[in-house]
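Please read the numbered points below alongside the sequence and the model. They go through a few places in turn.

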Amino acid sequence: MNRVGFVYHSDYLLHAAPFDHPESPSRLLAIVEHLSSNGIADRMIPIEPVYPGESDILRVHDPEYLRKLEAACRRGDTTLDAEDTYLCRNSYTIALLSAGGAIAGAEAVATGMVRRAFCAVRPPGHHADRHTGMGFCLLNNVAVAARYLQAKHGISRVFIVDWDVHHGNGTQSIFLEDPSVFFFSIHEHPSFLYPGTGRRWETGKGAGEGTTINAPMSPGTGDEEYRLAFEQMLQPAVERFRPEIIMISAGFDAHREDPLADIEVTTEGYRFMTRFVCELAERHCGGKVVSVLEGGYEIPSLVASVAIHVQELLGT
């Protein structure tokens, strides 16, 4: 069994919408209770997230955006730029702790404390770009952790697999011209789903040309189409890039029961995807995988999919 870190803090529940919203504390609470009640959490190594230094965040986000976000929360604003990106007075602080959780998981893997890590953090992050919060996301947790690994541990090649059903437009934008971070996203086709980006011809820019791959999927596709994309697109990209670590933007809203999209991935589909990524990591980067929670809004399918995901990380 692999040593797998589990990043969580009860303060993640303090980011809460002042109105009905699918990205709620109950998502994370249900995950933690399920992992605990089934004995899965007992097989993981608890990792305490810490607040990152501002320099850690500024490797990814503009200082003006940070000040804007902080001021909006202090004023008691209920949204940021868009109606679906909600705020409360705790949101700025908890967004920092969420990014700090991704850093803590990455640090534990990079130092060999654990082989893999699952970061049960919120708010999610992959829509946030350098200067904008979008789609439930305030700070880009995966991007902050990737930059931390490069700055603190000298890791020169990071591979990010984003299987949230929504395209990770923020992560793509941040690394679009950076050949040291490969971004692979599989998501529902942008003609049908937010945020309207992630088409096949979006492949990077400048020095980063060729280090972005988008696999948009038509509504109604499921496990078999995802399997083919992983085998025919993801695997050769990883083999070509030779990453030193693999990170997962782990959204579970491509599940067939999730109400926010029209993809038909099953719980077993998440088992396949996790196992596939772990096998690639074994072959190319010593098994190092850092998984960071993104979306997933139907509680029973979310907790079942996360449980299978974590069991595959554990190798049990």
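1. Leaving aside neighbours within four places in sequence, S98 is in contact (heavy atoms within 4.5 Å) with Y12, V121, R122, P123 and N141.

2. The model is predicted, so local features need pLDDT of at least 70 and side-chain atom pairs count only at pLDDT 80 or more, whereas totals for chains, interfaces and linings use all residues. Residues are numbered from 1 along each chain as its sequence is written, and side-chain values use heavy atoms, with hydrogens and water left out.

3. G170, placed in helix α6 (residues 169–175), is buried as well, with a relative accessible area of 1%. Its C-alpha atom is separated by 8.6 Å from that of T132, 38 residues apart along the chain. Apart from neighbours within four places in sequence, G170 is in contact with H126, H127, A128, D129 and N140.

4. Helix α7, residues 223–241, has buried residues Y226, A229, F230, M233, L234, A237, V238 and F241. These buried residues pack against β6 (158–162), β7 (181–188), β8 (212–217) and α8 (267–284). After α7 comes R242, whose phi is positive, near 55°.

Technical notes. Buried means under 20% relative accessible area, exposed over 50%, partly exposed in between (1.4 Å probe, protein chains only). Helices (H or I, at least four residues) and strands (E, at least two) are DSSP runs, numbered from the N terminus.
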